Amino acid sequence: MKNLIISKQVKSTERMSLQHLIRPKTIAVIGASREETKIGHMVLKNIIDGGFPKENVFPVNPNVDNILGLKCYPSVKDIPVDVDLAVIVVPARIVPKVMKECAEKKVKAVAVISSGFKEVGNVEGEREIVRIAKEAGIKLLGPNIVGIADTPMKINASFMPYLPERGKIAFISQSGALAIGLVTWTKLKEIGLSDVVSIGNKADVNEIDLIEFFSKDPHTKAITLYMEGIEDGRKFMEVAKRVTKVKPIVMLKAGKAERTAAAIKSHTGSLAGSDIAYDIAFKQCGVIRAESFPTLFDYGLALASLPDPKGENVVILTNGGGAGVMATDACEQYGLKLMDIPSDLAGKLKKWMPEFGSTLNPVDLTGMAADRDYYGSLQTLLADERVHAIIILYCHTAITDPLRIAEALVKCKREGKYVDKPMVAAFIGGRECDTAIKHLTRYGIPAFENPERAVAALAAKYRYWRYKKRPSGAFVKVDGNKEKAKVIIERALREGRALTPSEAAEVAHLYDIPVVKKRIARSKEDALKIAEEIGYPVVLEVESPDIVHKVDVGAIRLNIQSREELEKAYDEVLSNVKKNAPKARIEGVVVRSFVKQGVEVAVGMHRDELFGPMIMFGSGGTLIELYKDVAFRIAPLTDIDIDEMMKETKVIKVLEGFRDKPKDIEAVKKVLASVNQLSLDFDEIKDIDINPLFVYEKGCIAFDVKILLRS
Ligand code: COA
């Protein structure tokens, strides 16, 4: 790997301070209405009812002197103290005017609840308020939002009906109405939140700024987001990669169907599709993707409250065989490893179950299990260093009280005798179980209504933990001949076309990718000259747009060893075509070096509009689209990315020597590094498709290279 240079990444993005927006000390409500049913009235009332000090709240309305017992000011400029946050609740047409007043008052941040901007085509109005904000150094949230809620400071500067429960999960939502729905749902489930921020049109402050803010916020232990789209994929990845090293991010990304509809055309592209780009980007920067809104908060809860495991050994503790089986299935589905219970541990567990209980994993205490049995067996599992995480299941029986079981579990956890281990629970039953679930969750054992949700939540914790401890790797760099490649690419761009096969092969060659040499000959003399240049043995192939299966009509001759053989073969292939396919148009005869077939893999690149170059590796050959045995990563790649993406495919087993000798995996890695480099050096390249790449015990060779350029 002479050209494979490893370089360390250095990245830094300045944190934007949103303190005045999220944790203001003084709040003005511009558009505080007298009418109870209006949003401006509700926002003011919510701020007061939430518990924020009344003396620091300032209603603004030129048409009234007093609202809800507070003095009302005709303009924000008349407020006698500094204003950290102004919540704007006047119609869109008045917003620029009040924004100018905010600028004069030197307000630090505004949250514009008003709708009627970009979302309805009023792009100019939105630009205008952003311009005013930028010039005055004001952070602008919105417009078109429901507002902000912050539980540490008891601020409900929104028209959400109430403050959420206090907790450690920050929730950022692109949808306002959904934010209200979800927050009221979390209240019902007693899931605590630190903050709720609706970002609406995100004209200024966006999800990336908020992720940065919450990553440093001591009140927040996990960041959850509902998003329909990200505008700056590269920046998002850069920030998320940095943040997930210290704090988990969980994202519910909606809008899959739309993006799928905008699927990309090329080979690699059609396999990629933009929603897959999101999946890959999230995976690469440690963002946990939630599939639905309950899982968004399930994962958030697990990630905010569970300690890191010390290893992969998971034990299921249950009082019902069925629940245990469901959890076992879910563990397999979500990639959790169930521990084989060692005999000494089994002996200790037996004490807490009847004769007919089971000390296999799931550990089945049976339906007779009472609180003392749950307590004792949990204590036994917590005391054993070989056990790293515990899933506790309970099915409501007539002889046990779910709350007593929950209390016993919490007592055991809180005694603090043992190392804290991640524990989740599922209590299956009616209202009594609901109370027990809330009790467990409140005391740091996230609990759910069914085993699958408990397992999925624990698995989210594992996914994040594995990501965090995985080495980040070093970026791969290849010293290609950029200058020469640039000349070829620029010529094709000027002529508005893709690279020809020989140009594509040349560019690949300039970046150290071994390629089958080939050129088209228009005469026998031409063919002889080309063969001399590329070296024997060669293959002759009649080039015709009308012949699909060249072997069938005798249009191809393999393994030509000498000048004499070539002279003969040249006449033969042409006369075969004349005889067997008389109507076929003949454009020439391709002369290429003769290579033996190896394991067929494919390497490619598709430039995603949002995230940039997506590098692909997988099973190659004509059936690539049928097998879909491919994996993607977004460039720039590290050596770890390359390893991991290769391991995601089935063809890696073949390369490792499945029923045969191992193949040269290092040579394939080098090709992936070269494609990565090409995609970074040339923004103009839209797609690269190397298929098949023949891999041998020693080395590999690209049989066919296609390079498409951006129009
Ligand atoms: N400064 C301060 N207050 C002013 C003002 C000014 N320059 N000019 C007028 N006001 C007052 C009005 O007098 C009124 O108070 P009043 O009811 O006591 O008379 C108050 O501001 C509100 O103005 P009004 O014209 O009645 O507007 P509204 O309450 O009907 O609607 C919005 C205002 C912002 C709620 C509405 O335009 C809107 O955008 N609604 C959608 C909000 C939304 O759904 N957001 C996104 C969620 S996803």
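Visitor: Where is P143 found?
Guide: This is a predicted model. In it, P143 sits in the loop between strand 8 (139-141) and strand 9 (147-150).

Visitor: What kind of peptide bond runs from G142 to P143, cis or trans?
Guide: That bond is cis, with omega near -5°.

Visitor: Which residues does the other cis bond, with omega about -5°, join?
Guide: A cis peptide bond joins Y536 and P537. P537 lies in the loop between helix 20 (524-534) and strand 24 (538-543).

Visitor: Is the crossing of helix 5 and helix 11 right-handed or left-handed?
Guide: Right-handed.

Visitor: Which residues make the contact?
Guide: Helix 5 brings L182, W185 and T186. Helix 11 brings F293, P294 and F297. Five residues of this contact between helix 5 and helix 11 are nonpolar, one is polar and none is charged.

Visitor: New pair. How do helix 3 and helix 4 cross?
Guide: Their axes cross at roughly 0° and come within 9 Å. So helix 3 is roughly parallel to helix 4.

Visitor: What touches what there?
Guide: From helix 3, the contact uses V95, P96, M99, K100 and A103. From helix 4, the contact uses E128, I129, I132, A133 and A136.

Visitor: How many residues of the contact of helix 3 with helix 4 are charged?
Guide: Two are charged, eight are nonpolar and no residue is polar.

Visitor: What about helix 14 and helix 15, how do they cross?
Guide: At roughly 25°, with axes that come within 8 Å. That makes helix 14 roughly parallel to helix 15. Helix 14 passes helix 15 in a right-handed crossing.

Visitor: Which residues form the contact of helix 14 with helix 15?
Guide: On helix 14 they are D371, Y374, Y375, L378, Q379 and L382. On helix 15 they are R404, I405, A408, L409, K411 and C412. The contact of helix 14 with helix 15 has eight nonpolar residues, one polar and three charged.

Visitor: Where is M368 found?
Guide: M368 is in the loop between strand 18 (363-364) and helix 14 (371-383).

Visitor: What does M368 touch, not counting residues up to four places away in sequence?
Guide: M368 touches P354, F356, D373 and I399.

Visitor: How many residues apart are M368 and G320 in sequence?
Guide: They are 48 residues apart in sequence. In space they are 9.6 Å apart, C-alpha to C-alpha.

Visitor: Now the ligand. Which residues come nearest?
Guide: S33, R34, K38, N63 and S115, of the 24 residues around the ligand.

Visitor: What lies 2.6 Å from an oxygen atom of the ligand?
Guide: A polar side-chain atom of S33 does. K38 also has a polar side-chain atom 2.6 Å from an oxygen atom of the ligand.

Visitor: And what lies 3.4 Å from a nitrogen atom of the ligand?
Guide: A backbone N or O atom of I145.

Note on methods:
Residues are numbered from 1 along each chain as its sequence is written. This is a predicted model: local features need pLDDT of at least 70, side-chain atom pairs count only at pLDDT 80 or more; totals for chains, interfaces and linings use all residues. Side-chain values use heavy atoms; hydrogens and water are left out. A crossing is left-handed if the near helix is turned anticlockwise from the far one by less than a right angle, and right-handed if clockwise. Helices (H or I, at least four residues) and strands (E, at least two) are DSSP runs, numbered from the N terminus. Contact means heavy atoms within 4.5 Å. Ala, Val, Leu, Ile, Met, Phe, Trp, Tyr, Cys and Pro count as nonpolar, Asp, Glu, Lys and Arg as charged, and the others, Gly among them, as polar. A residue is near a molecule or strand if one of its heavy atoms lies within 4 Å of it. A polar contact is a pair of N or O atoms within 3.5 Å; within protein, one must be able to donate a hydrogen and the other to accept it, and residues adjacent in sequence count only if both atoms are side-chain atoms. Axes are lines fitted to C-alpha atoms, for helices over the stretch in contact, and angles run from 0 to 180 degrees between N-to-C directions. Angles under 35 degrees count as roughly parallel, over 145 as roughly antiparallel, 65 to 115 as roughly perpendicular and the rest as oblique.
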